Amino acid sequence: MRSEFALEIPPHREHLALVRLIVGGAAALSPVGDRRLEDLKLAVSEACANAMDAQLRSGSDAPLRISVEVDDDAMVVTVTDHAGGFEPGALDPLPSVTDPQRLRHERGLGVPLMRSLADLVTFTKVADGTAVRLEIRAPA
Amino acid sequence: MSVQVEQSDGWAVARVHGDVDVATAPRLREQLIAIVTGGEANIVLDLDGVDFLDSTGLGVIVGVLKRVRTLGGDLRIVCSRPGVCRVFEITALNRTLPLAGSVADAVAGASPAG
């Protein structure tokens with residue numbers, strides 16, 4: 001079946017567990033969810049945590065928008081913040097996540113993890129922030 | 001998220017329950033660092049009660065690993081939940097920090113080289 005909905009949550013870390021609960025519940029609507037539930041929950045949680053950090057830095061307390069689309073073949077979650085924009089290419093370069101040197105860096109794992117977990121990750125500049133779209137498809 | 005600490009054969013065993021994410025990881029860091037500053041450099045971190053682990057949680061674990069190894073100690077991880085183990089596998093952290101199936105296995109494991 002196909003399901004689409006969106007929610008708005010305060011940009012505070014305490015709400016991450018709630019986001020995971022809702023997204024995990026939505027995943028149960030799709031056969032993809034059975035096998036990719038943990039990937040989806042972690043990727044969405046990382047995206048929301050980054051969005052919350054960005055908003056904290058920008059001083060915006062506007063809610064994050066989380067839109068969810070699930071069908072039989074894919075789950076797509078888009079997290080939109082109001083932090084004024086973010087360029088993943090402008091991040092400080094870090095060693096690959098599989099490079100032992102990477103252990104010197106405790107932060108900044110979120111985006112590489114999202115890229116490892118989701119089949120497709122896109123960052124789009126929107127009016128006053130960034131939309132991160134995470135797509136997870138059925139295993140081939 | 002909660003942490004219970006007990007002793008086993010010279011190791012401080014920290015059993016973590018609940019979700020370790022960017023909201024709760026600072027508390028995990030505080031509690032693990034309290035173990036180290038309390039004089040224990042050999043720690044087993046039992047993640048079998050953990051339902052969710054994010055990159056911030058991994059960062060805390062890496063930070064504590066570096067700290068105890070600097071002191072000549074070691075950090076060993078117990079993890080048998082596929083969802084949590086997967087985070088270590090994706091980041092290849094399991095090569096640096098092998099995952100044990102139980103506290104007994106972790107304690108019995110060979111001392112790390114170097």
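Accessible areas come from the Shrake-Rupley method with a 1.4 Å probe. With that in hand, welcome to a short tour of this structure, which is a predicted model.

**View 1. Chain B as a whole.** Chain B has an accessible surface of about 4,700 Å², and carbon and sulfur atoms contribute 48% of that surface. Of its 114 residues, 53% count as buried. Take the contacts in chain B between residues at least 6 apart in sequence: 67% of them join residues at least 24 apart.

**View 2. The open sheet of chain B.** Here 5 strands of chain B make an open sheet in the order 1-2-3-4-5, with mixed pairing. Which strands stand at the edges? They are strand 1 (2-8) and strand 5 (99-100) of chain B; each has a single partner strand, so one side of each is left without a neighbour in the sheet. Strand 1 of chain B pairs with strand 2 (residues 11-20) of chain B in the antiparallel sense, over 7 bridges. To find your place in this pairing, look for Gln7(B), which stands opposite Ala12(B) in strand 2 of chain B.

**View 3. A helix across the strands.** Helix 2 of chain B, residues 55-70, lies across strand 2, strand 3 and strand 4 (74-78) of chain B. Relative to strand 4 of chain B, helix 2 of chain B runs at about 145 degrees.

View 4. Look for Ala41(B) in the loop between helix 1 (25-37) and strand 3 (42-53) of chain B. Is Ala41(B) buried or exposed? Its relative accessible area is 18%, and buried means under 20%, so Ala41(B) is buried. Not counting residues up to four places away in sequence, Ala41(B) touches Val68(B), Leu71(B), Gly73(B) and Asp74(B).

**View 5. Strand 5 of chain A and its partners.** In strand 5 of chain A, 7 of the 9 residues are buried, so this strand is largely enclosed by the rest of the structure. One partner is strand 3 (residues 74-80) of chain A, which runs antiparallel to strand 5 of chain A and is joined to it by 7 bridges. Within that pairing, Met75(A) has Ile136(A) as its bridge partner. Strand 4 (residues 120-126) of chain A also pairs with strand 5 of chain A in the antiparallel sense, over 7 bridges. Here Lys125(A) stands opposite Thr130(A), and a hairpin joins strand 4 to strand 5 of chain A through 2 residues.

View 6. Ala138(A) sits in the segment after strand 5 (129-137) of chain A. With a relative accessible area of 38%, Ala138(A) is partly exposed. Which residues does Ala138(A) contact, leaving aside its neighbours within four places in sequence? They are Val32(A) and Asp73(A). The C-alpha atoms of Ala138(A) and Pro31(A) are separated by 7.7 Å, although these residues are 107 apart along the chain.

**View 7. A charge over a ring.** Arg20(A) lies over the face of Phe52(B), at 3.8 Å from the ring centre. As for aromatic pairs, the count over all chains comes to 0.

Methods: Residues are numbered from 1 along each chain as its sequence is written. Chains are lettered from A and ligands numbered from 1 in the order in which they are written. This is a predicted model: local features need pLDDT of at least 70, side-chain atom pairs count only at pLDDT 80 or more; totals for chains, interfaces and linings use all residues. Side-chain values use heavy atoms; hydrogens and water are left out. Rings of Phe, Tyr and Trp (its six-membered ring) pair if their centres lie within 6.5 Å; planes under 30 degrees apart count as stacked, over 60 as edge-to-face and the rest as tilted. A charge sits over a ring if NZ of Lys or CZ of Arg is within 6 Å of the ring centre and within 35 degrees of the ring normal. Helices (H or I, at least four residues) and strands (E, at least two) are DSSP runs, numbered from the N terminus. Buried means under 20% relative accessible area, exposed over 50%, partly exposed in between (1.4 Å probe, protein chains only). Contact means heavy atoms within 4.5 Å. Two strands pair if DSSP finds at least two bridges between them. Axes are lines fitted to C-alpha atoms, for helices over the stretch in contact, and angles run from 0 to 180 degrees between N-to-C directions.
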